[in-house]
Amino acid sequence: MKHFFTFSETVQQLAEKAETRAKPYFEQIEKNTEYNQQKVLSAFIHNRIDEACFGATTGYGYSDRGREALDKVVAESFGAEDALIRHSFSCGTHTLGTALFGVLRPGDTMLSVTGRPYDTICPVIGIAGEKGQGSLADFGIHYKQVDLTGEGKLDLDGIQDALRADPTVRLVYFQRSRGYTLRPSLSAEEIGRAAEAIKKVSDAVVMVDNCYGEFVQTVEPTETGADLIAGSLIKNPGGGIAPCGGYIAGKKEWIEQCAYRMTVPGLGREVGASLGNNRELFMGFFNAPHVTGEALKTAVFAAALFEQMGFSPTPAVDEPRRDIIQALRLQNPENLIAFCRGIQSGSPVDSFVTPEPWDMPGYPCQVIMAAGAFTMGSSIELSADAPLREPYAVWMQGGLNYHSAKVGILRAAEEVLKRQSRT
Ligand SMILES: *Cc1c(COP(=O)(O)O)cnc(C)c1O
């Protein structure tokens, strides 16, 4: 057989050991994938998806059969009463922002219980210093937060105290994924236990930023007690096929409110031409459980490989996974650069590009990124980001299929080893 890629003896041996170490975790991932794939397939069958669902509407987009059917498929797959999935959500932040504005009204308070939210959500809330852009704060909606405990866990007592002290809290906000921190990501069960504690003292809406979490477990937060979840289609639920978009799922009453914010009061979900995007959204959502499984295998393999090389992965190989993100502490900026260059060189698109650290707006230090994706900015495709500062960690995620993503990871390992042997 022909060798399309050559790796040093060292990398080949490390890879073999890493794969052996990863095997039992791959088996668990495959089981989850099979369960989730059946869940989604059965939702397609129940909702009688047919070719007419892939037709395009234009103009107002009234009675778009595919759009309406896909909302039902997503709701059923996530164990939710209702859902909105649209190509017209620009990104995850737009989708999450729509849900926040959909539920909250002037005088209400939003309570984040996972500390400060993901960077791009802060200007939506109005806590990033921007003024006059029409943030929640500009509309008289207040913000409070309860930080995670020292171990990165939810502070249930602190949350209940905050709710008892402030009856204006209308929405309690969770971020399931670690984002670009090293705290552990939250499981649907942990969110469920917190939701139960919240409902004891408040009737606030429990909302979860579910980005990177979809199909990682066999339940979604909507099945364990969350009222609303939202996420991006260029991550897990787009299956690497959706070209853009987002989804919101949850209780009917709140989805209705979100629909009025998504378009305008009066029209809500009755309008919104699909313009021929339905087929890709259906196909992407159908493939999402499988692709998420491939991304998880890629993450476990990377953790096992870099552990062999003496670096510490978070989560560790044997830790349960709640999202597709893998952080690797690579000890110095040179290793971060070498890692990202290796990932880039093993990508199907833009493999010849050399990533350079740059001054990314909003960051106090330089950041280097690797992304060789079919969809611009897609992070269900193999990608990596690293701010060049302590703790010198790279956050990597994605992989449309394990076999190709493995090449990217091996190239990254090779680059890091090469750099180390030079010093
Ligand atoms: C990706 C992501 C978002 C949304 O980001 P976009 O770049 O706007 O899609 C929000 N929260 C978390 C935790 C994310 O990972």
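Modeller: Of the 31 residues of α8, 23 are buried, so this helix is largely enclosed by the rest of the structure. Buried means under 20% relative accessible area, exposed over 50%, and partly exposed in between, with a 1.4 Å probe and protein chains only. Helices (H or I, at least four residues) and strands (E, at least two) are DSSP runs, numbered from the N terminus. The model is a predicted one, in which local features need pLDDT of at least 70, side-chain atom pairs count only at pLDDT 80 or more, and totals for chains, interfaces and linings use all residues. Residues are numbered from 1 along each chain as its sequence is written, and side-chain values use heavy atoms, with hydrogens and water left out.

Helix α8 covers residues 278-308. At 1.5 Å a residue its 31 residues should span 45 Å, and the end C-alpha atoms are 44 Å apart, which agrees. The expected span is 1.5 Å times one less than the number of residues. At A288 the helix α8 bends by about 50°, the bend being the angle between axes fitted to the seven residues ending there and the seven starting there. A proline, P289, follows within four residues. After α8 comes G310, with a positive phi near 95°.

Helix α8 also contributes to the largest nonpolar core, which has 54 residues. Such a core is a set of buried Ala, Val, Leu, Ile, Met, Phe, Trp, Tyr and Cys residues joined through side-chain atoms within 4.5 Å. The residues with the most contacts inside this core are F301, L305, F306, F339, V394 and I409. Elements giving two or more residues to the core include α1 (9-46), α8, α9 (333-345), β12 (393-397) and α10 (402-422). The largest share, ten residues, comes from α8.

Next come the contacts of H87. This residue sits in the loop between β1 (82-86) and α3 (92-103) and is buried, with a relative accessible area of 16%. A polar atom of its side chain lies 3.2 Å from the backbone oxygen of A273. The side chains of H87 and N277 are joined by a polar contact of 3.5 Å. A polar contact is a pair of N or O atoms within 3.5 Å; within protein, one must be able to donate a hydrogen and the other to accept it, and residues adjacent in sequence count only if both atoms are side-chain atoms.

One runs from T314 to P315, with omega near -5°, and P315 lies in the loop between β8 (312-314) and β9. The other joins E390 and P391, with omega about 0°; P391 is in the loop between β11 and β12. Y392, in the loop between β11 and β12, has a positive phi near 50° and is a residue other than glycine. Most residues other than glycine have a negative phi, and most peptide bonds are trans.
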